[in-house]
Amino acid sequence: MSTEPETTEQTGPGTPDPGADNGPRHDGPVVESGTPGGGAEADAGGGTPDAGGTDAAPDSDSGPEGNAGDGGLADDGQSDAETDERSGAEEAERARAEDGRPGAEEAERARAEDGRPGAEADGRADTSADGTDGSHADSAGDGGSAVDGQSDAGEDGLAGAEAGGSGGRSEAEAELAAQRVERQRIEQRKAERKGPIESGGRLSGTAADLLAAVRAVESGEKPAATVFAEPEPAPRRPAPEPARRPMTEAPEPAGDPAAPEPRTVEAVGRVLARGGAPETLAPQVAAALGEGAEERLHEDPWQLLHVTGVRPEQADGFARALLGAECGPDDERRGRAFTVWLLEQAALAGHTALEAPALTAALAQRAVPDPEAALNATLAEGEALAFQDALEDAPAAEEADEDGERPVRVLVGLERYALAEESLADGVARLINSTPKEGGSAPDWERAAASAQGSAAELLRAAAGHCLVLHTGGEASRMEPARLLGEARRLGLRAWAAAHSPLGRDGFGQLLRRLPQAQEAQEAQAPAEAPAPPVATVAGLLSGAEGPGRDEDGSLALDLLVVLDAPQLDVETAALLVESLPDGARLVLVGDPTVLWSVGPGRVFADLLAARVCPQIASRVPDPGPLGELVSGIGVGELNQVAAPGKEVVIVPVRDAGEAVHRTVQLVADSVPRAIGIPAEQTVVITPGHGGAAGTRALNAALKERLNPGPGRFGGFDPGDRIAYSPAPGRTLPGHVVKADAEGLHLSCSGALVVVPKERVETRLRHGWALTAHQAVGGRWPAVVVVLPGDAAQALSRPWVCTAFSRAARHLSVVHGVEQALPRAVAEVPAKPRTTRLPALLQPPAQDPGAQEGTAG
């Protein structure tokens with residue numbers, strides 16, 4: 001591991017083109033290769049108007065058209081009589097402009113209707129300043145294809161006029177010569193139109209085919225049944241590989257409630273005003289409380305806690321202002337609302353339930369006089385559920401009652417998470433007890449396993465005979481599930497993979513392309529015809545936006561599913577995924593158990609590993625290089641000093657948060673591109689939190705000023721900005737801003753086009769040069785800069801460090817300001833415990849028919 005305290009202020013790779021936007025220029029030389037989202041994207045984004053449309057460029061056709069049109073009617077010194085007597089060519093242009101009928105043919109029709117003889121009188125031509133006739137000027141203004149008046153008269157007539165002018169003719173004589181050529185052409189067309197026209201002669205396409213069929217039936221050549229019968233269906237072709245469909249517009253997140261009616265919002269706003277709360281909360285309160293929100297809030301002011309971000313003390317103040325003397329700390333409504341709020345906060349921390357003693361203790365800390373009564377009232381109203389789980393490993397289990405019953409613990413949880421865990425347990429039991437769907441014979445699977453080695457062969461054998469398999473390992477071990485996927489598809493199974501994020505999806509897709517089967521298929525097909533890899537995101541697979549789609553019964557149309565980044569599965573997502581699998585389908589969960597758990601409640605992968613209800617394959621493929629050695633040591637609690645001859649790992653010591661921000665910008669914009677050769681757009685910054693002097697907000701502000709300065713006219717964003725888009729809690733899509741208009745902010749997230757409406761920009765979007773570890777999980781970048789300011793020591797843990805450091809594929813820089821807190825966190829701070837019920841629900845009922853066991857770990 002090397003240190004690099006000396007970094008320069010000189011602008012190098014990573015500095016954007018100042019012309020890419022309207023922001024202030026950065027001093028110093030400009031290097032194109034470092035422009036974030038650079039190249040054509042940055043150039044295109046620089047000229048993009050904001051949402052208001054004030055910078056929209058004028059229509060390229062409107063200017064020339066208007067000028068040419070006006071020029072054809074400009075006063076060029078002719079008399080008023082000459083101006084009034086319009087030429088036949090000008091009348092044709094007027095008829096074409098009014099009727100929308102292009103060409104000289106429609107102009108002649110207009111002359112015939114008006115009874116005008118055409119361009120025959122002397123001195124009737126109104127010319128433009130350059131001597132060309134009006135039709136020529138207007139044709140140039142239209143900017144369309146050349147009409148007959150321009151192509152024939154414009155070439156021959158103008159050429160003749162110029163030739164006559166050069167021979168001594170006046171300008172009027174030249175104009176009359178041009179008009180004579182035009183008149184001859186018009187007479188020729190009149191003669192052509194007088195000839196007979198066969199019925200249907202000008203029809204084409206479907207209309208012509210239909211007319212021919214009718215005539216064939218009328219003449220008796222063909223019977224009507226044979227002419228108008230449905231054509232024979234074409235032979236069915238094998239369905240092509242399902243391709244990933246790009247997201248062209250931001251979908252409605254599943255958790256977003258429907259927009260409340262304006263009358264409801266207005267009524268709720270009046271109640272909030274009476275209680276001294278901001279009326280801006282009215283839409284959120286109306287959406288959270290649903291129908292009758294005004295009455296519910298008036299009768300129970302503590303319902304305000306259903307709005308995200310409202311604290312108990314704020315709800316107390318609102319209730320006192322609204323109820324007056326009727327408000328008291330022992331109010332039953334207050335106790336119930338506080339109980340539900342505490343359970344919701346526990347879910348945000350990852351718990352699916354809380355032990356009853358811990359919950360009552362938290363209620364007492366919130367000044368609830370009788371926590372037991374508050375809990376019982378909440379259970380009686382059905383706002384929470386209680387569960388009794390038997391204790392086996394606890395010391396209290398040694399003390400049994402006289403009746404021989406073992407002690408139990410009482411867990412309390414919200415209904416949504418309780419039902420999700422029970423549904424997940426039922427789905428896992430169905431997989432465990434199912435027989436895998438036939439896809440290749442047992443000898444075929446054995447031959448595939450024999451061709452592999454070590455843990456890869458073990459994974460193939462386990463998947464051949466079981467519907468649920470767990471696979472653990474680091475980044476290098478992903479080659480094993482990739483090989484399993486390839487072998488399963490070779491044996492005829494509908495096999496797919498699903499990743500947590502688009503970056504993980506794209507990375508695994510590249511891994512699949514390196515398989516021998518995929519390379520053979522690519523050699524046999526043209527590059528444009530090569531099918532997309534069978535990998536999607538978990539969210540896209542469940543929504544139907546990606547993946548194979550669903551069968552007639554609603555289950556996913558697949559026989560084997562490999563889920564990457566399995567530690568990121570929360571109970572609700574995992575339950576939905578398992579319920580969507582058809583009978584006999586194989587599910588292989590793949591992940592590194594040493595990284596951070598899911599943002600949502602639960603720890604599904606860890607609970608399944610602890611329950612030991614299915615085969616578990618631990619990969620023996622180590623991550624290569626100094627980075628792999630460093631991350632492997634962190635996983636077992638050791639922060640090793642590794643040799644990095646190629647500067648794979650660099651430590652940059654700092655004294656305070658201000659210096660940490662300064663050095664981070666230098667590394668991303670200058671040092672890493674110059675010394676390592678990785679441009680700024682391929683480097684990500686990871687820091688423990690959003691706030692603080694060196695959080696994501698401060699770092700993103702500094703990086704934007706250096707890499708893509710601009711006024712931030714659309715919610716603080718400009719074209720070319722790197723962003724982190726969160727369509728739903730726990731999901732982060734890295735990307736960059738393409739443009740902004742009245743529809744919203746247009747983003748590009750891993751090749752998918754996303755439109756974020758203006759009203760959601762503030763809540764769904766952040767700048768994305770710097771991310772938290774939870775936002776970065778599931779993705780990898782060529783270079784990563786991990787920022788550890790002094791005030792972040794308390795936020796560090798072994799899973800956090802392992803997650804942050806393992807995001808780097810080629811280079812890792814650590815801006816180090818926590819001194820000994822880093823090795824202490826790796827050695828002594830494991831993951832925070834989460835209380836879940838899944839292991840108890842997975843235990844066979846025969847083990848203890850009268851109780852269920854839960855875990856807190």
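Two strands pair if DSSP finds at least two bridges between them. Helices (H or I, at least four residues) and strands (E, at least two) are DSSP runs, numbered from the N terminus.

The structure is a predicted model, in which local features need pLDDT of at least 70 and side-chain atom pairs count only at pLDDT 80 or more, while totals for chains, interfaces and linings use all residues. Residues are numbered from 1 along each chain as its sequence is written, and side-chain values use heavy atoms, with hydrogens and water left out.

**Exercise 1. Describe the sheet that contains β2, β3 and β4.**

Step 1. Begin with the pairing of β2 and β4: 2 bridges join these strands, which run antiparallel. Within this pair, E355 stands opposite L411 in β4.

Step 2. Turn to β3, which 6 bridges join to β4 (residues 408-413), again in antiparallel fashion. D389 has R409 in β4 as its bridge partner, and A390 stands opposite V408 in β4.

**Exercise 2. Determine the strand order of the open sheet of 5 strands, and identify its edges.**

Step 1. The order is β16-β15-β14-β13-β17, and the pairing is antiparallel.

Step 2. The edges are β16 (752-756) and β17 (765-767); each has a single partner strand, so one side of each lacks a neighbour in the sheet.

Step 3. On average, neighbouring strands of this sheet are turned by 40° against each other, direction ignored. For such values, axes are lines fitted to C-alpha atoms, for helices over the stretch in contact, and angles run from 0 to 180 degrees between N-to-C directions.

Step 4. Examine one pair in detail. Strand β14 (residues 731-741) and strand β15 (residues 744-749) run antiparallel and are joined by 5 bridges. The bridge partner of A740 in β15 is L745.

**Exercise 3. Classify the packing of α11 against α14.**

Step 1. Helix α11 (residues 262-274) and helix α14 (residues 312-323) pack at an angle of about 90°, and their axes are 8 Å apart.

Step 2. That angle makes α11 roughly perpendicular to α14. The classes are as follows: angles under 35 degrees count as roughly parallel, over 145 as roughly antiparallel, 65 to 115 as roughly perpendicular and the rest as oblique.

Step 3. List the residues in contact (heavy atoms within 4.5 Å). V271, L272 and R274 in α11 meet F318, A321 and L322 in α14. By class, this contact has 5 nonpolar, no polar and 1 charged residues. Here Ala, Val, Leu, Ile, Met, Phe, Trp, Tyr, Cys and Pro count as nonpolar, Asp, Glu, Lys and Arg as charged, and the others, Gly among them, as polar.

**Exercise 4. Characterise the packing of α15 with α16.**

Step 1. α15 and helix α16 (residues 356-365) pack at about 120°, with their axes 10 Å apart. The two helices are therefore oblique to each other.

Step 2. α15 passes α16 in a right-handed crossing. A crossing is left-handed if the near helix is turned anticlockwise from the far one by less than a right angle, and right-handed if clockwise.

Step 3. G335, F338, T339, L342 and L343 in α15 meet L359, A362 and L363 in α16. These residues divide into 6 nonpolar, 2 polar and no charged.

**Exercise 5. Locate the salt bridge between R336 and E383, and state which parts it ties together.**

Step 1. A salt bridge is a side-chain nitrogen of Lys or Arg within 4 Å of a carboxyl oxygen of Asp or Glu. By this rule the count comes to 29 salt bridges.

Step 2. R336 and E383 meet through their side chains in a salt bridge at 3.5 Å, N to O.

Step 3. R336 lies in helix α15 (residues 332-348) and E383 in the loop between α17 (371-380) and β3, so the pair ties together parts that are 47 residues apart in sequence.
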